[in-house]
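Here are some notes for a colleague who has not looked at this model before. Please read them with the structure open.

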Amino acid sequence: MLVRDEGDAGGERLSILPKVPEALHALHDAGWLLIVCTNQPIVARGRATEGDVIALHARLDTELRQAGAPPLTSWRFCPHHPNATVAAYRQQCQCRKPRPGLLMDAARDFDVELGASFMVGDRITDIEAGRRAGCKTVQVLSGEHAAARIETPDDVVDGTPDFLGAGLAEAAAWILIQP
Ligand SMILES: [Zn+2]
């Protein structure tokens, strides 16, 4: 969770959470790739296009940089939903978290070893996706951690994170002391 969405979907009122740029910098400086993986069902609902999401991510990337964050490696999203109103996006895809497709694709594209990687997220859905991908997991309490988990037909996976932190700063500090 890098930003707080204070408005409806579409990101008109996004604010960068405190200490996020510094935390990202600490990880970047230690050599970590920083890859964002998000579900964007607004595309499936016909309320935004994939281009809109890409533009939103570009804007967030710019705002993070202006706030002192390092460049992020990649922004990736799932535009699908099993009950999409737009037929083209109506599917049980592999990329909508809690499935691990976004993470697996990123690992392939950037030659990342998932078992040596960390999935940081605010939702149980993020933790489940991380576990399915074989990552270590960190849950942060700075976002919508109370949101209900997303049901899938998949086998249940343990949604307990390896570490629970107040925010990205605490998550980064923990990651940086791991062996
Ligand atoms: Zn998808």
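1. Some terms come first. A residue counts as buried if 20 or more other C-beta atoms lie within 10 Å of its own, as exposed if 12 or fewer do, and as partly exposed in between, with C-beta atoms placed from the backbone. Helices (H or I, at least four residues) and strands (E, at least two) are DSSP runs numbered from the N terminus. The model is predicted: local features need pLDDT of at least 70, side-chain atom pairs count only at pLDDT 80 or more, and totals for chains, interfaces and linings use all residues. Residue numbers start from 1 along each chain as its sequence is written.

2. Overall layout. The chain holds five helices and seven strands, and their order along the sequence is β-β-α-β-α-β-α-β-α-β-β-α. Of the 179 residues in the chain, 35% are buried. Two residues are in contact if their C-beta atoms, placed from the backbone, lie within 7 Å. Among contacts in the chain with a separation of 6 or more, 62% are between residues 24 or more positions apart.

3. Helix α3. The residues of α3 (101-110) that are buried are Leu102, Leu103, Ala106 and Ala107. Viewed down the helix axis, these residues fall within an arc of 135 degrees, so they line one face of α3; the arc is that of the directions from the helix axis to the C-beta atoms. An α-helix has 3.6 residues a turn, so residues three or four places apart point the same way. Arg108 and Asp109, on the other side of α3, are exposed. The cover over the buried residues of α3 includes β3, β4, β5 and α4. Aspartate 111 follows α3 and has a positive phi, near 55 degrees.

4. Which residues does proline 100 contact, leaving aside its neighbours within four places in sequence? They are Ala129, Arg132 and Ala133. Proline 100 lies in the loop between β4 (74-78) and α3, and it is buried because 24 other C-beta atoms are within 10 Å. Its C-alpha atom is 9.9 Å from that of threonine 125, 25 residues apart along the chain. Cysteine 93 is in the loop between β4 and α3 and is partly exposed, with 16 other C-beta atoms within 10 Å. Not counting residues up to four places away in sequence, cysteine 93 touches Cys78, His80 and Gly101. The C-alpha atoms of cysteine 93 and histidine 81, twelve residues apart along the chain, are 7.8 Å from each other.

5. Strands β3 and β4. Two strands pair if DSSP finds at least two bridges between them. Strand β3 (residues 35-39) and β4 run parallel and are joined by five bridges; within this pairing, valine 36 has tryptophan 75 in β4 as its bridge partner. Together with helix α2 (residues 50-66), β3 and β4 make a right-handed β-α-β unit. Right-handed here means that, with the strands pointing away from the viewer, the path from the first strand over the helix to the second runs clockwise.

6. The sheet of β5, β6 and β7. Three strands form an open sheet in the order β5-β6-β7, with parallel pairing. β5 and β7 (163-165) are at the edges with a single partner strand each, so one side of each has no neighbour in the sheet. Four bridges join β5 (residues 118-121) to β6 (residues 136-140), and phenylalanine 118 has lysine 136 in β6 as its bridge partner. Three bridges join β6 to β7, where valine 140 stands opposite glycine 165. A right-handed β-α-β unit is made by β5, helix α4 (residues 124-133) and β6.

7. A nonpolar core is a set of buried Ala, Val, Leu, Ile, Met, Phe, Trp, Tyr and Cys residues joined through C-beta atoms within 7 Å. The largest such core has 32 residues, and those with the most contacts inside it are Leu103, Met119, Val120, Leu168 and Ala171. Valine 120 touches Val138, Val140, Leu168 and Ala171, leaving out residues up to four places away in sequence.
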